[in-house]
Amino acid sequence: MADQSPPEPPSLDPADWNAFRAFAHGVVDETLEHVRTIRDTRVWNTMPQNVRDAISNEPVPHGGIGAEAAYRDYVRLVRPYPSGNLHPRSWGWVRGNGTPLGALSDYLASSLNPNVGGFDQAPVLVERRVVDWFAELMGFPKSAGGILSSGGTMANVLGFNVARNMKAGFDVRADGLQGNRPRMLVYGSTETHGWLRKACEMLGLGASAFRRVPVNNDFEIDVKQLRAMIAADRAAGHQPFCVVGTAGTVNTGATDDLTALADVCDAEDLWFHVDGAFGALVVLCPEYAHMVRGMERADSIAFDLHKWGYLPYDIACTLVRSDNDLVKTFAAQVNYLQVETRGATANLGFDRSERGIELSRDFKALKVWMSMRAEGVSVWAAHIARNIRQMQRLAKIVEAHPALELLAPAPLNIVCMRWARPDVPPAALDAVNKEVLFLLQERGIALPSATSLPKGYAIRSANTNYRTTDDDLDALANAVASIGDEVWATMKKASA
Ligand SMILES: *Cc1c(COP(=O)(O)O)cnc(C)c1O
């Protein structure tokens, strides 16, 4: 009888390791060269239609084209059109550059490919160690615990989930929020990042459980109003449970009075969560650490490492003052995750999966461990401090410039500006500045983003970019001024 079994598929290991090694070395060389020469490229390239079509219209690839052809397509279709944040003139939103060593560490992590949900393995110890280092740097006690996750949104959600469970006063894990109980409420300023609304929706609290506290002229939470809102809600029979303070708001880089918020939480028996997505790392800078004073009194802190940690996406950290609270929130025994006294699951068990939502997890801790050890925390701190100084300088330039206006205080690393000349009607400014932003981006001059502030539409630059120089920021200020003049002249001519 003829053998009916199908032919062996080609191995997913290289057919020829030597050839693959040569190919891989070439990929590494070209990639490093691309990053090394990034300043010579445009910060933003609008995708041509044929590139869009080539990616978007490709049918399912049932047959493979081989690694080299796939790589060539990457170089042609993908590499020229990423989000721009490698570049020294990327200041939109809050995006870090990523470091070459961080990228190389991701390669090591992927190649080793451990599942860092648990097991008695070195990668789990590495993650626990970097979390402990951050806990120490943030002034948390030895009893603190934490977990790495994808980004500030996830890191905040995890901390906030602990807050909800620990402060509910009943077993939320068992009963959910289905019962006929007082409404659980959380307080944060109107400048709080959008994660909190999503978290309230996702955790069953409802978006209306987020009480938006007004801010003062510096965009910091109004603590007096916070106290009044808590008192009014209690009087109405509701259950305040958490205050979210922000270290470095996404709009203007404001930091709430964290000491005052810690006092309110102590007095009211509320959970104190700090969203320090980028601002928390200011604690590393001796000359600026006072700006986040009070953060060390938080019950939980969330921060990104792909913003002011300069590491490649995606990576963030949640710290909880009591590791026990974290475990009580997330640990769940199941029969297929047996923890034994010897072998692969001894000692550490499923340590990481008991501190978050995910079971299978990548080894994102490695790039943190490698970078902290290779570069030293003091070098990170020096870059953060430099970014702050650069933006303080830019704010002064904007204030002094006859064609520019500063639209909000710039206490940290964010400058919100617009083009404005005295003879231009205020009603025209939003339209002019929107066009200025488009041209800055489309001409590949610089990549700031936009926001809407009480004074109007703002061209907003957040500097978590270790490649930026003062010259780059001078070029931004000059370009906003000259393009603003150009746009206004065109608009006037069109309406004449
Ligand atoms: C960026 C940011 C977040 C969200 O972090 P992601 O990493 O983008 O998910 C939350 N809060 C603040 C203040 C931020 O700046």
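Select β1 and β7: the two strands pair in the antiparallel sense over five bridges. Pairing here requires at least two bridges found by DSSP. Strands are DSSP runs of E with at least two residues, helices are runs of H or I with at least four, and both are numbered from the N terminus. Now pick G146, which stands opposite L319 in β7.

This is a predicted model, where local features need pLDDT of at least 70 and side-chain atom pairs count only at pLDDT 80 or more, while totals for chains, interfaces and linings use all residues. Residues are numbered from 1 along each chain as its sequence is written, and side-chain values use heavy atoms, with hydrogens and water left out.

Stay on β7, residues 316–320. Is this strand buried or exposed? Five of its five residues are buried, so β7 is largely enclosed by the rest of the structure. Buried means under 20% relative accessible area, exposed means over 50%, and partly exposed is in between (1.4 Å probe, protein chains only). Show the side chains: A316, T318 and V320 point one way, C317 and L319 the other way.

Find D304, opposite A316 in β7.

Move on to β5 (residues 271–275). This strand and β6 (residues 300–304) pair in the parallel sense over three bridges. V274 stands opposite I301 in β6. Helix α10 (residues 258–268) packs on the sheet here, touching β4 and β5, and its direction makes about 155° with that of β5. Contact means heavy atoms within 4.5 Å. Angles run from 0 to 180 degrees between N-to-C directions, with axes fitted as lines to C-alpha atoms, for helices over the stretch in contact.

Zoom out to the whole sheet. Seven strands form an open sheet with mixed pairing, in the order β1-β7-β6-β5-β4-β2-β3. Where are its edges? The edge strands are β1 (145–149) and β3 (210–213), each pairing on one side only. The twist averages 20° from one strand to the next.

Select helix α8 (residues 195–202). It lies across β2 (184–189), β3, β4 (239–246) and β5, running at about 160° to β3.

Last stop: select I55 in helix α2 (residues 49–56). At 41% relative accessibility, I55 counts as partly exposed.
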